[in-house]
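Have the viewer open while you read.

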Amino acid sequence: MEQQRWLLLLFLGVQLLLMGAFLYQNPHCHGFISFLRFLIQDRPEMREELPFLVQVSSPGIRYWDVYSNLSQIHPVDISEEDLPNCPIVSPYINGPLKVMIPENLTMEQVVEKNPLVELGGQYQPPDCWTQHHTAVVVPYYGQAQHLRDLLFHLHPFLQRQQLHYAIYVVNQVNNTAFNQGKLRNVGFREAMQEEDWDCIFFHDVNLLPEDDRNLYICDIFPAHVSVAIDKFNYKLPYRGYLGGVFALRPIHYLRINGFPNTYWGWEREDDDIAARLKLSGMLLLRPHLLFGRYHMLEEGQDPSHKQRPQRLLSKELQPLYTNLTVDINFPAP
């Protein structure tokens, strides 16, 4: 009897370890592993509020510069075939990040800060082979300052996670109302024609992630990633909110038939996307509130889109991103 009890405990222990390993590699299934992380990292003192209930500058929580430790990443003097596999958990992941944008920042300075990013905004870890290949699609309507700040923050954020990634900026150039769904669809199509990405992140230009444990990789189901935005006091503004940052595998995108093209301006697409998910039979995943934290850049009037007269789709490789220029005609009444 005693031996059987010992074997049962051993079996349960092995199952627990296997479940923990699976959840760790699938960051949007955070329930159990998030609880363990919470116990061992950034644990608040007695009577202190939980991290996701306080402001970004809360005392007692250590925040890291998004560029810290990245100087340790550099090419190695061996052939690509002999590169080792990247570790399951990147050694450069620290946790909560400071969101600090320098004053008078220029795009040239952002390029200098990211010397390993290749033309078109592509990056691969220079010292190991990664299993994760992520395209980031950013719908854009002339918010030049927001785009510069996003690139300054997002490039090192993704490099910390040892991803192979590229950033695609889908630029709507005419003066009609903004159509985010169409821009997302164009970005997906162009990105997949360029490379066989296994994950697509659709990313608002004005959101900066605050925790590098929020991994930009895809899971078995679609994921709404920006669950805790500072503007909304780090909680969902309403239960069905799906705005901000959304992650899909290519097969997920096909199963929901892409994004709706019929919403103009800043109308909510959430109900439509939720209906597509329900019809597809897929669940919607969300990361833990501790990890899915974002800073929203301040809104401002930026008329730079009115200065671009192009009317045809074009593709241009910039130092930090691939620019896709799109003309979208507003439907006649």
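Which cysteine forms a disulfide with cysteine 199? Cysteine 218 does, with the two sulfur atoms 2.1 Å apart. Keep in mind throughout that this is a predicted model.

1. Let's stay with that disulfide. The torsion about the S-S bond of cysteine 199 and cysteine 218 comes to about 70°, so the link is right-handed. Cysteine 199 belongs to strand 6 (residues 199-203), while cysteine 218 is in the loop between strand 7 and strand 8 (223-224), so the bond ties together parts that are 19 residues apart in sequence. Buried or exposed? Cysteine 199 is buried, and cysteine 218 is buried too.

2. The disulfide count comes to two. The other bond to look at joins cysteine 86 to cysteine 128, with an S to S distance of 1.9 Å. Here distant parts of the chain are linked: cysteine 86 is in the loop between strand 1 (64-65) and strand 2 (97-98), and cysteine 128 is in the loop between strand 3 (122-123) and strand 4 (133-140), 42 residues apart. The link of cysteine 86 and cysteine 128 has 85° about the S-S bond and is right-handed. If you number the bonded cysteines of the chain in sequence order, the pairing reads 1-2, 3-4.

3. As a reminder, strands of a sheet pair through backbone hydrogen bonds, either parallel or antiparallel.

4. How do the two pairings of that sheet look in detail? Strand 7 pairs with strand 11 in the antiparallel sense, over three bridges, and leucine 208 stands opposite histidine 295 in strand 11. Strand 9 and strand 11 (residues 293-296) run parallel and are joined by two bridges. There, alanine 228 stands opposite arginine 293 in strand 11.

5. Which ring does arginine 293 lie over? That of tyrosine 234: arginine 293 lies over its face, at 3.9 Å from the ring centre. Another contact of this kind involves lysine 113, whose charged end sits over the ring of tyrosine 67, 4.4 Å from the ring centre.

6. Last, the aromatics. Searching the whole structure turns up 13 aromatic pairs. One of them is the stacked pair of phenylalanine 202 and tyrosine 253, at 6.5 Å centre to centre and 20° between the planes. Phenylalanine 202 lies in strand 6 and tyrosine 253 in helix 6 (residues 250-255), so this pair ties together parts that are 51 residues apart in sequence. Both phenylalanine 202 and tyrosine 253 are buried. Pairs with rings also build a cluster, in which Phe188, Phe202, Phe246, Tyr253 and Phe259 are linked.

How values were computed: Residues are numbered from 1 along each chain as its sequence is written. This is a predicted model: local features need pLDDT of at least 70, side-chain atom pairs count only at pLDDT 80 or more; totals for chains, interfaces and linings use all residues. Side-chain values use heavy atoms; hydrogens and water are left out. Two strands pair if DSSP finds at least two bridges between them. Helices (H or I, at least four residues) and strands (E, at least two) are DSSP runs, numbered from the N terminus. A disulfide is a pair of cysteine sulfur atoms within 2.5 Å. Buried means under 20% relative accessible area, exposed over 50%, partly exposed in between (1.4 Å probe, protein chains only). Rings of Phe, Tyr and Trp (its six-membered ring) pair if their centres lie within 6.5 Å; planes under 30 degrees apart count as stacked, over 60 as edge-to-face and the rest as tilted. A charge sits over a ring if NZ of Lys or CZ of Arg is within 6 Å of the ring centre and within 35 degrees of the ring normal.
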